Amino acid sequence: MEKLLQEGVSPKGLSPLTLAFVGDGVYELFVREYLVSQGNCPVKKLNSRKVELVRCQAQAQALSHLWPELSEEERDIALRGRNAHVGHAPKNAPLADYHSATGLEALFGYLYLSGEIDRLRWIFSAILEVWNTQSN
């Protein structure tokens, strides 16, 4: 996956919430592509499975499992995202999970905007291993 736009954006100068804004879309695109790669099925089923995988509890759990595999720089980005003041509280999730999910999204945004697509693929495949282990 190459960056969709080749515009030069320096992720180092962006706020963690801006990185999370981009990362949310990148993460969801990975999830959607993964679900479609599993075979054709009704869109309603695809959407419900997508919601299950992108909800903040799933993202928080993914970050927790990934933590030992992240570089110091990646941990710093995730911590900046996790500690960012989001301005609102989630209705259906613990606040700690919401913050951790924001950290994971910030990491995805940072890596995407840095052009680290292979690293994104590796991280997402590690997340898939966690999902597949839990569903078996």
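Student: Where do the axes of helix 4 and helix 5 run relative to each other, and at what angle do they cross?
Tutor: Keep in mind that this is a predicted model. Here the two axes come within 7 Å and cross at roughly 130°. Angles from 65 to 115 degrees count as roughly perpendicular and those over 145 as roughly antiparallel, so helix 4 is oblique to helix 5.

Student: Which residues of helix 4 and helix 5 make the contact?
Tutor: From helix 4 come Glu-73, Glu-74, Ile-77, Ala-78, Gly-81 and Arg-82. Helix 5 brings His-99, Ser-100, Thr-102, Gly-103, Ala-106, Leu-107, Tyr-110 and Leu-111. Sorted by class, that contact has six nonpolar, five polar and three charged residues. As for handedness, the crossing of helix 4 and helix 5 is right-handed.

Student: His-99 is in that list. Is His-99 buried or exposed?
Tutor: Buried means under 20% relative accessible area. His-99 has 18%, so it counts as buried. Setting aside neighbours within four places in sequence, His-99 is in contact with Gly-81, Arg-82, Ala-84 and Val-86.

Student: And how does Asp-76 count by relative accessibility?
Tutor: Asp-76, which lies in helix 4, is at 42%, so it counts as partly exposed.

Student: What angle do helix 1 and helix 5 make?
Tutor: Helix 1 covers residues 16–37, and it packs against helix 5 at about 85°, with the axes 6 Å apart. Those two helices are therefore roughly perpendicular to each other. On the helix 1 side, the contact residues include Leu-19, Val-22, Val-26, Tyr-27 and Phe-30; on the helix 5 side, Leu-104, Phe-108, Tyr-112 and Leu-113 are among them. By class, this contact has 14 nonpolar, three polar and two charged residues.

Student: How many residues of helix 5 are buried?
Tutor: Helix 5 is mostly covered, with 15 of its 19 residues buried.

Student: What follows helix 5?
Tutor: Look for Gly-115, whose phi is positive, near 80°.

Conventions:
Residues numbered from 1 in each chain as written. Predicted model: local features only at pLDDT ≥ 70, side-chain atom pairs only at ≥ 80, totals over all residues. Heavy atoms only, no water. Buried < 20%, exposed > 50% of the residue type's maximum accessible area, 1.4 Å probe, protein only. Helix = DSSP H or I, 4+ residues; strand = E, 2+ residues; numbered from the N terminus. Contact = heavy atoms within 4.5 Å. Axes fitted to C-alpha atoms, helices over the stretch in contact; angles between N-to-C directions. Parallel < 35°, antiparallel > 145°, perpendicular 65-115°, else oblique. Nonpolar A, V, L, I, M, F, W, Y, C, P; charged D, E, K, R; others polar. Left-handed = near helix turned anticlockwise from the far one by under 90°.
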